[in-house]
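Visitor: I am new to this structure. Please take one paired part of it, look at it closely, and then show me how the rest of the chain is arranged around that topic.

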Amino acid sequence: MSLDADVDGAVDAPGEGVGAVDAPGEDAGAVDGATDTSVEGVGDMAPDIMPEFGCTSGTAQVCYTGPTGTENVGVCVGGSQTCTNGAWSSCIGEVLPAPTDACDTLDNNCNGMTDEFCACTPGATQPCGSDVGLCKKGTQTCSSGMWGTCAGGTNPTTETCDGADNNCNGQTDEGCP
Ligand SMILES: [Ca+2]
Ligand SMILES: [Ca+2]
Ligand SMILES: [Ca+2]
Ligand SMILES: [Ca+2]
């Protein structure tokens, strides 16, 4: 029998799979995070504090349901909710982060950076094109965060034997006899 090679490889693999048990246990802790630390697993049997339930009808409080750290950043602000029949209403008037940051000079996704995905500020202009040979630079304008087409300039043309650099590559009448 020749067992040597097969045995070594088979033993190692199953042991590594045990680590997968950790993941389900972590999910339970997210709901009642404050009570977990001292009592560990036994704490589930003692529902002593439930601060999230119930309210006094007619009262109001500020609220914000966006991700932590985004309130009052960029366009994001909190709202208010009122207590009716012992339950809080939904949060009214809050502004939550947008999925992306539109190119509008505002921090729409509330990450502290304004228009971070935009190449330019709407309405801005810059020179474009080439001023080599017969070419003249034009101007392009920023629209929706992207530079528009180059307008007002002179673009390269096919090189002809006319004493000028028509294709704007820095060489005059290249290829001519
Ligand atoms: Ca923006
Ligand atoms: Ca942003
Ligand atoms: Ca040329
Ligand atoms: Ca030419």
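**A close look at strand pairing**

Guide: Strand S5, residues 138-143, pairs with S6 in the antiparallel sense, over 2 bridges. Keep in mind that this is a predicted model. One pair of residues gives you a place to look. Find Ser143, and you will see Met146 of S6 standing opposite.

Now widen the view to the sheet. The order of its 3 strands is S4-S5-S6. The sheet is open, and its pairing is antiparallel. Strand S4, residues 125-128, is one edge strand, and strand S6, residues 146-147, is the other. Each of these two pairs on one side only. In general, strands of a sheet pair through backbone hydrogen bonds, parallel or antiparallel.

Where does this sheet fall along the chain? The protein chain has 3 helices and 6 strands. From the N terminus, the order of elements is α-α-α-β-β-β-β-β-β.

Next, look at strands S1, S2 and S3. S1 and S2, which spans residues 79-84, run antiparallel and share 4 bridges. Thr84 has Ala87 of S3 as its bridge partner. S2 and S3 form a hairpin, with 2 residues between them. Asn85 sits in that turn, and its phi is positive, at about 55°.

Stop at Val62 for a moment. This residue belongs to strand S1, residues 60-63. Setting aside neighbours within four places in sequence, Val62 is in contact with Gly78 and Ser80. Cys91 is 29 residues away from Val62 along the chain, and the two C-alpha atoms are 8.1 Å apart.

A loop links S3 to S4, and Asp115 lies in it. This residue leads us back to the sheet region. Beyond four places in sequence, Asp115 touches Asp101, Cys103, Thr105 and Gly145. Asp104 is 11 residues from Asp115 in sequence, and their C-alpha atoms are 7.0 Å apart. Asp115 counts as partly exposed because it has 18 C-beta neighbours inside 10 Å.

Step back to the chain as a whole. It has 177 residues, and 6% of them are buried. Take the contacts between residues at least 6 apart in sequence: 33% of these join residues at least 24 apart.

Last, consider confidence. The chain averages a pLDDT of 80, and 70% of its residues score at least 70. Which elements mark the two ends of the scale? Confidence is highest in S4, at 97, and lowest in helix H3, residues 33-39, at a mean of 43. Over residues 1-51, the pLDDT is below 50. Beyond near neighbours in sequence, that stretch has 3 contacts in the model. Where pLDDT is low, predicted coordinates should not be read in detail.

To finish, return to the starting point. S5 pairs with S6, and S6 is an edge strand of the sheet. S4, at the other edge, has the highest confidence in the chain.

Methods. Residues numbered from 1 in each chain as written. Chains lettered and ligands numbered in written order. Predicted model: local features only at pLDDT ≥ 70, side-chain atom pairs only at ≥ 80, totals over all residues. Pairing = 2+ DSSP bridges. Buried ≥ 20, exposed ≤ 12 C-beta atoms within 10 Å, placed from the backbone. Contact = placed C-beta atoms within 7 Å. pLDDT = per-residue confidence, 0-100.
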